Amino acid sequence: MISVLLTSYNRERYIAESIESVLAQTRRDFELIVTDNCSTDRSAAIAREYAKQDDRVRVFVNPTNVGQFQNRRVAACLARGEYLKYHDSDDVMYRHCLA
């Protein structure tokens with residue numbers, strides 16, 4: 001299994017499209033871990049809505065802003081997959097990326 005690690009901070013404008021691009025992958029055996037870095041916008045709420053709809057999505061919100069690189073470490077520590085794929089919260093992924 002692949003763990004897709006999506007780190008976020010105040011990406012309300014982009015995060016839905018980013019998550020949808022991961023969920024639209026041709027390969028289905030992956031998990032999507034969203035680690036929100038204590039956003040002040042609706043980024044975490046949007047990610048939680050996807051987690052309610054798809055059990056491959058897990059959301060973790062840091063209690064304080066830990067910075068970009070520590071947020072990536074948090075995501076990696078939560079991963080269950082054999083492989084890790086970092087995915088920025090303002091990017092979209094080609095449908096065949098994980099394949």
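**Helix α2.** I began with the burial pattern of α2 (residues 43-53) in this predicted model. I listed Ser 43, Ala 44, Ile 46, Ala 47 and Tyr 50 as the buried residues of the helix. Looking down the axis of α2, I found these residues within an arc of 160 degrees, so they line one face of the helix. On the face turned away from that buried side I noted the exposed residues Lys 52 and Gln 53. I then looked up what covers the buried residues of α2; the cover includes β1 (2-8), α1 (15-23), β2 (30-36) and β3 (57-61).

**Sheet.** I traced an open sheet of four strands in the order β3-β2-β1-β4, with parallel pairing. I placed β3 and β4 at the edges; each has a single partner strand, so one side of each is left without a neighbour in the sheet. I recorded an average twist of 20 degrees from one strand to the next. Between the parallel strands β1 and β4 I found six bridges. I also noted that Leu 6 stands opposite His 87 in β4.

**Helices on the sheet.** I found α1 lying across β1, β2, β3 and β4, at about 165 degrees to β2. Helix α3 (residues 68-78) also packs on the sheet, where I noted that it touches β1, β2, β3 and β4. The direction of α3 makes about 145 degrees with that of β2.

**Leu 98.** I located Leu 98 in the segment after β4 (83-88). I classed Leu 98 as buried because its relative accessible area is 8%, against a cut-off of under 20%. Leaving aside residues up to four places away in sequence, I found that Leu 98 touches Ile 2, Val 4, Gln 25, Arg 27, Phe 30, Lys 85 and Met 93.

Notes
Residues numbered from 1 in each chain as written. Predicted model: local features only at pLDDT ≥ 70, side-chain atom pairs only at ≥ 80, totals over all residues. Heavy atoms only, no water. Helix = DSSP H or I, 4+ residues; strand = E, 2+ residues; numbered from the N terminus. Buried < 20%, exposed > 50% of the residue type's maximum accessible area, 1.4 Å probe, protein only. Contact = heavy atoms within 4.5 Å. Arc of directions from axis to C-beta. Pairing = 2+ DSSP bridges. Axes fitted to C-alpha atoms, helices over the stretch in contact; angles between N-to-C directions.
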